[in-house]
Amino acid sequence: MEGAFSYAPAIAAFPLAAFVVALTFGKWMPRKGAIAGIAATAGSLLFSLWMLAAVASGEVYHETLYEWTAGEAAGEVGDGIEFTFGILIDPLSALMLVIVSLVAFLVHIFSLGYMNAEGETGLPRYYAGLGLFTFSMLAFVYADNLLMAFMFFELVGLCSYLLIGFWFRTRSAPSAAKKAFLVTRFGDYFFLIGVVAIAATFGTVAFAGDDSFVAAAETAIADGDTLFGFDAQTWVTITGLLVLGGVLGKSAQFPFHTWLPDAMEGPTTVSALIHAATMVAAGVYLVARMFGYYALSPTALAIIAFVGGFTALFAATMGVVKDDIKQVLAYSTISQYGYMMLGLGVGGYVAGVFHLMNHAFFKALLFLGAGAVIILMHHEQDMWKMGGLKEKAPVTYYTFLAGALALAGIIPFSGFWSKDEILYDALIVGLNEPVIMAAYAMGLVAVFFTGFYTFRMVFLTFHGEPRSEAAEDPHPVGWAVKVPLLTLGVLALVAGVANLAPVAKILGVDIVFLEHWLDGEYGAVEGLTYSAYGELLAYETGVIGSEQLTILVAAGLSLLLAFSGAGLAWKLYNVPEPVAHKERLGSARRTIENNYYQDEYQVWLARGFTLPLSRAADRFDQTVIDGSVNGISTASLFGSSWVKRLQTGIVTNYAALIVAGFIALLVFLGVYGGWF
Amino acid sequence: MARLRPKNEQSTLICVGYESPNVTEMNDWIAIGMLALVGLSIPLGMMVVSYLIRPSVPETSKRATYESGEIPTGGTRIRFNIQYYMVALLFVVFDIETVLLFPWAVVYQDALASPEYGLLEALGPMLLFVAILMIGLAWAWRTGAVQWAQTRTQAASDTDRQ
Amino acid sequence: MAVFQLAEWTAMAPALILAGTALALFVFDSISPHSTNRSLLAGTAAGGALASLAVAVWFIVAGVGTPTVDGGLGEITVLSDQFVVDQMALYFMIIVAIVTALIVVASYDYLVGHAYQAEYYSLVVLAATGMSMMAAANSLVTIFIALELASLPSYALVAILKDNRGSVEAGLKYFLIGALSSAIFLYGISLVYGATGHLQLDNIAEVIAAGDADPYGGLLGLGILMLIGGFAFKTASVPFHFWAPDAYEGAPAPISGFLSSASKAAGFVILFRVFTEAFPLGDQMNALIGFDWTVAFIILAIVTMTVGNFAAATQNNVKRMLAYSSIGHAGYALIGVAGLSADGGELVMGAAMMHLLVYGFMNTGAFLFVALAEHWGVGRTFEDYNGLSRQAPIACAAMAVFMFSLAGIPPFGGFFSKFFLFMGALEASAANTAMLAVAAALVVNSALSLYYYSRLVKALWIEEPATTRDRLARPTGLYAAIVVAAVMTVLILPGFGPVVDAALDAAVAALG
């Protein structure tokens with residue numbers, strides 16, 4: 001299988017080609033570039049599967065393709081630095097390649113039904129954007145160094161900007177696109193500083209191998225080095241947190257989550273791609289990619305875990321009062337990525353990646369399902385105008401239900417297994433670490449809200465009586481919509497089989513495939529395995545009674561909360577004529593409906609702080625900088641007119657000046673040289 | 001090659017007759033300053049003395065520039081005929097030629113006698129030099145430099161006479 | 001390429017050819033006075049200049065001046081070391097020959113209807129002879145004679161438009177200041193001779209090295225300062241620059257170009273030669289005159305470039321602006337001497353030599369454009385030049401090239417030579433921190449110069465014409481010279497390698 005890897009660049013190259021083709025020839029193509037996109041992503045999917053198979057057969061791939069600059073590093077550690085483009089294919093990236101290309105492929109197919117069939121204009125631009133988006137994400141996934149990852153991370157951000165603003169003639173879409181761009185850019189700013197700091201510290205930005213910055217950091221900590229005036233571990237924490245800034249922005253974690261709900265202004269297919277496999281996933285994937293680095297810093301990990309747990313709960317509470325089906329899904333995304341961060345933050349590398357995978361499937365499913373609903377509802381997104389779609393669109397309903405069950409974490413759907421594993425990992429660490437315990441508690445409470453808002457959405461959309469004309473007479477959907485839904489529906493149901501950790505531990509059966517996969521049972525790059533990370537982690541774990549009991553308690557608790565949330569939703573909304581129950585929230589309602597005033601305070605920050613600051617900077621520029629420039633030119637011209645006056649036009653004056661100048665020089669040099 | 005005497009010797013010369021060792025350390029510039037002082041004070045002194053002892057009789061003929069002499073007419077800034085300069089320039093050219101010819105003539109015989117130089121080396125350069133000057137002279141002649149130009153009034157009076 | 005088989009005096013061929021051409025023109029004029037056979041006269045002069053150029057290039061390619069250890073023929077001395085033909089001499093002979101050729105070709109059209117045509121050409125070539133000899137002169141006497149040979153025809157050339165009051169006035173001013181400067185220079189020579197007992201440059205250096213001149217430090221210093229005065233006059237450096245604006249403005253424009261390019265370059269070559277050969281830097285020299293003589297050049301360089309550029313900034317007359325800019329450029333070239341040190345400075349001196357070559361094209365070209373404008377009779381100020389690009393796009397494009405190159409904008413030749421000067425100054429600052437001030441002055445003045453150079457480009461290309469003009473003539477000779485100068489200003493970039501090599505080799509040989 002060795003030969004397989006030489007085709008690795010093609011995985012990213014296919015969508016790039018599709019981007020070029022759609023952009024240049026899309027206008028004249030029968031499906032405006034869709035075919036090219038589908039073919040390209042299908043190619044990427046096939047090659048990704050091939051890579052997966054190659055990794056399964058025990059091979060890994062780590063190759064530098066192109067060195068674009070190199071130099072003598074002035075780093076604290078190491079000598080000489082190289083900036084390269086390279087490919088790293090190990091179990092993690094191979095898995096992620098498959099997920100990304102699969103979701104991208106299905107989104108392309110779905111777009112035929114969602115965009116082409118609905119007669120949208122500007123389709124070549126749309127497919128070009130999708131192609132570039134997929135290309136950027138795939139290249140990001142198998143980047144072998146931090147700088148290359150950063151570049152494609154930025155490209156991903158650019159593509160999301162282009163696609164969120166696809167309907168740029170509306171008022172809201174361009175503004176949402178700008179918001180997404182600015183907020184994530186704010187995070188990326190810290191990421192960039194982090195990249196520079198890491199490069200300057202360790203003289204390398206490679207993810208893997210002996211000369212990776214992870215290995216260098218490990219050595220530095222072991223040797224007790226002092227880096228830039230800090231001890232090594234503190235410096236690793238600082239740089240890790242700087243990089244985390246980019247992660248929080250992209251993965252929409254508190255406090256950078258505000259862009260994501262607004263990003264619903266883009267086409268629903270784009271939302272599916274952003275939420276499931278590309279933009280938002282990029283952040284969490286980056287943490288997983290450089291997990292070894294974070295594993296060196298307990299502080300950074302605890303911050304990741306706490307932010308994750310908090311975001312999970314925070315976003316879930318906001319999700320319960322939304323009326324727009326896509327808004328609910330948006331907040332669920334924020335919440336679910338909070339879980340992944342929690343999982344990674346407590347050292348649950350496998351659990352975090354597991355949830356990333358499952359979430360990709362069920363969230364893509366839910367968004368595409370929501371897209372189907374929107375088609376059915378003639379582009380109506382308010383859930384209060386839906387209802388009763390269950391009988392009229394069974395395929396959409398049952399697949400959506402599968403996704404919802406997975407999202408809510410109902411056994412045996414995939415979401416349950418991964419979320420449960422995260423919570424279990426958090427619990428056993430939390431027994432010794434109060435901060436983690438708090439994060440766990442928030443994650444646990446969020447399960448209840450998740451169950452509630454998920455089923456509120458399902459019941460309002462599909463159950464009860466139709467509440468509008470559109471709901472009574474839905475627009476039919478075609479195969480292009482149904483095929484992706486069915487595929488993802490099946491995956492949402494069965495993907496959990498990949499890692500049935502609780503079952504394995506209770507029954508003692510070895511069915512934790514994903515754990516073995518990530519632990520390099522088949523093939524892995526040295527140092528990038530679950531057990532290698534485990535050795536770096538400083539966490540102590542505890543149990544309640546025995547391990548089995550702990551598992552049962554954790555699983556039982558989360559299931560109980562999920563069921564109670566779902567049950568409450570069933571009681572309140574699974575009625576023929578559901579009504580809003582928001583007033584029962586009392587004073588909290590306003591706060592939650594306003595998303596805890598997060599937008600307001602950020603706007604206040606921009607208006608009240610940044611704007612005056614930039615005004616002051618502008619004034620400084622206008623007066624001091626421009627003033628000195630203008631002053632210099634005025635002084636120069638004044639000096640010029642003065643110098644000009646020396647030239648009187650009278651030759652005797654010239655002679656006098658020459659002699660005077662000569663004597664001045666003579667006196668100066670004579671005194672200086674001691675001639676007299 | 002001739003050389004000026006070194007500074008130190010010069011100062012001892014000036015200070016001949018003085019045995020004091022400090023004097024040799026005296027700065028050379030003091031002597032120059034003294035010279036300037038004396039040079040200025042002599043004419044000034046003469047003017048002051050004559051001012052003090054002369055009688056003052058302000059009268060027209062006494063205040064003339066040349067008492068009992070020529071009566072001045074007009075300023076000195078008058079135009080000379082350009083021809084004066086032309087002739088002077090040509091004269092200077094030949095003057096310089098002569099200055100170079102004399103020493104050459106002195107060494108000419110010796111140069112011919114020595115085995116190092118032949119007729120070509122001894123005579124050639126001077127012929128070339130004279131030839132170049134001849135070209136200059138010929139050009140000056142042809143362009144009318146030696147023709148006595150006439151002012152307009154002279155030219156007019158010439159035609160009148162004819 | 002058997003140069004060495006020729007007699008030694010033939011090494012001076014580039015200068016001798018020019019001298020012969022000048023005499024031939026005089027002979028012709030004696031036979032047929034007041035001839036207006038422009039083709040024959042200009043053709044002869046141009047032929048002489050090009051022949052001189054060809055011979056100089058041939059010599060440099062054949063290896064004259066290249067040290068024998070590098071397989072060259074070594075430097076050739078003529079008349080018992082009174083002249084020396086080495087790489088630097090040939091390099092500057094090439095510059096002089098190029099500028100002379102450009103000027104002569106351009107004058108073909110400029111002189112239509114003027115009297116004294118034969119005299120004009122023969123004086124130009126005679127001055128070029130002097131400049132060529134300055135490049136090779138190796139003793140204070142030959143330097144002075146060559147300098148006067150270059151200067152005296154220049155005075156006459158500036159005043160050659162006898163019916164033009166400006167021209168005559170300029171000639172007289174130039175002559176008077178020239179006489180004063182020559183006197184100072186000659187006095188300096190006598191003082192140096194008094195202190196060292198020698199006139200030949202290498203002998204002077206020997207006497208100083210042997211310590212025989214030790215008692216006369218102040219005398220020698222004064223002599224050196226007076227020599228600097230003479231060079232400053234020739235290169236139009238402050239404070240001996242006063243003649244330049246008036247002379248350039250009044251002189252026929254091709255002559256202004258000739259004086260500001262070739263004459264300046266010739267002034268620099270003797271400056272380089274005297275100070276590297278006769279007064280090489282070193283502890284001995286510094287102790288003798290009390291300081292490192294680069295101090296004087298640092299002061300002169302900064303003051304010259306500042307005065308030149310500042311005065312140019314607010315000129316309204318284009319020719320006068322160019323005159324001041326040429327003073328500014330003299331300041332840049334002075335960096336080449338200011339940056340020398342006891343054990344280095346090849347880079348900065350080489351850069352100054354490159355700058356003088358590039359300057360030979362761009363500055364001559366700029367003055368020729370002014371000559372073209374005078375030929376058209378459009379006027380002298382910036383406003384008069386407004387909108388000329390509509391009628392003469394090619395010439396105006398060439399002028400834009402000259403202006404941007406003079407300002408030091410890439411990708412033109414002027415940028416590279418200035419850049420090398422800047423780098424050289426920075427490198428020299430390792431030995432002498434005052435060079436940092438010189439480098440800073442270079443940058444500040446270049447920035448200021450962009451203001452007035454671009455003002456002219458703006459007038460040519462952007463402004464609306466103030467008055468309606470008739471169709472403008474396209475004189476062949478002037479156009480050809482301008483276009484050649486522009487093409488060379490641009491092409492010197494890809495061809496910069498050989499120029500850099502030649503200049504650096506020459507600088508290394510001169511300093512070695």
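The model is predicted. Chain C holds 19 helices and two strands, whereas chain B holds five helices and zero strands. A contact surface joins chain C to chain A, with 27 residues of chain C meeting 24 residues of chain A. The largest nonpolar core has 243 residues, and a second, separate core has 235 residues.

**Chain composition and burial**

- Of the 512 residues in chain C, 65% are counted as buried.
- When contacts in chain C between residues at least 6 apart in sequence are considered, 80% of them link residues at least 24 apart.
- Chain B has 162 residues, and buried residues account for 1% of them.
- Along its sequence, chain B reads as α-α-α-α-α, in keeping with a content of five helices and zero strands.

**Interface between chains A and C**

- The contact involves 27 residues on chain C and 24 residues on chain A.
- On the chain C side, at least two residues each come from helix 6 (165-196), helix 8 (217-235), helix 9 (243-250) and helix 12 (294-313).
- Helix 8 of chain C makes the greatest contribution to that side, namely six residues.
- By residue class, the side of chain C that touches chain A comprises 19 nonpolar, six polar and two charged residues.

**Nonpolar cores**

- In soluble globular proteins, nonpolar side chains tend to be buried together.
- Within the largest nonpolar core, of 243 residues, the most contacts belong to Val103(A), Leu273(A), Ala277(A), Ile304(A), Ala364(A) and Ala492(A).
- The element that gives the most to this core is helix 15 of chain A (residues 349-376), with 21 residues.
- Ile304(A), one of the residues with the most contacts inside that core, touches Leu244(A), Val287(A), Tyr294(A), Met341(A), Leu344(A) and Gly345(A) when residues up to four places away in sequence are left out.
- The second core, separate and made up of 235 residues, includes Phe59(C), Ala150(C), Leu347(C) and Leu448(C).

**Cis peptide bonds in chain A**

- Most residues other than glycine have a negative phi, and most peptide bonds are trans.
- The bond from Phe254(A) to Pro255(A) is cis, and its omega is near 5 degrees.
- Pro255(A) sits in the loop that runs between helix 8 (232-250) and helix 9 (259-262) of chain A.
- A cis peptide bond also leads from Ile411(A) to Pro412(A), with omega near 5 degrees.
- The loop between helix 17 (394-408) and helix 18 (414-430) of chain A contains Pro412(A).

**Positive phi values in chain C**

- His34(C) is not a glycine, yet its phi is positive, at about 55 degrees.
- This residue, His34(C), belongs to the loop between helix 1 (13-31) and helix 2 (38-62) of chain C.
- His34(C) counts as partly exposed because it has 13 C-beta neighbours inside 10 Å.
- Asp81(C), likewise a residue other than glycine, has a positive phi near 70 degrees.
- The position of Asp81(C) is in the loop between strand 1 (76-78) and strand 2 (83-85) of chain C.
- Asp81(C) has 14 C-beta neighbours inside 10 Å and therefore counts as partly exposed.

Notes:
Residues are numbered from 1 along each chain as its sequence is written. Chains are lettered from A and ligands numbered from 1 in the order in which they are written. Two residues are in contact if their C-beta atoms, placed from the backbone, lie within 7 Å. Helices (H or I, at least four residues) and strands (E, at least two) are DSSP runs, numbered from the N terminus. Ala, Val, Leu, Ile, Met, Phe, Trp, Tyr, Cys and Pro count as nonpolar, Asp, Glu, Lys and Arg as charged, and the others, Gly among them, as polar. A residue is buried if 20 or more other C-beta atoms lie within 10 Å of its own, exposed if 12 or fewer, and partly exposed in between; C-beta atoms are placed from the backbone. A nonpolar core is a set of buried Ala, Val, Leu, Ile, Met, Phe, Trp, Tyr and Cys residues joined through C-beta atoms within 7 Å.
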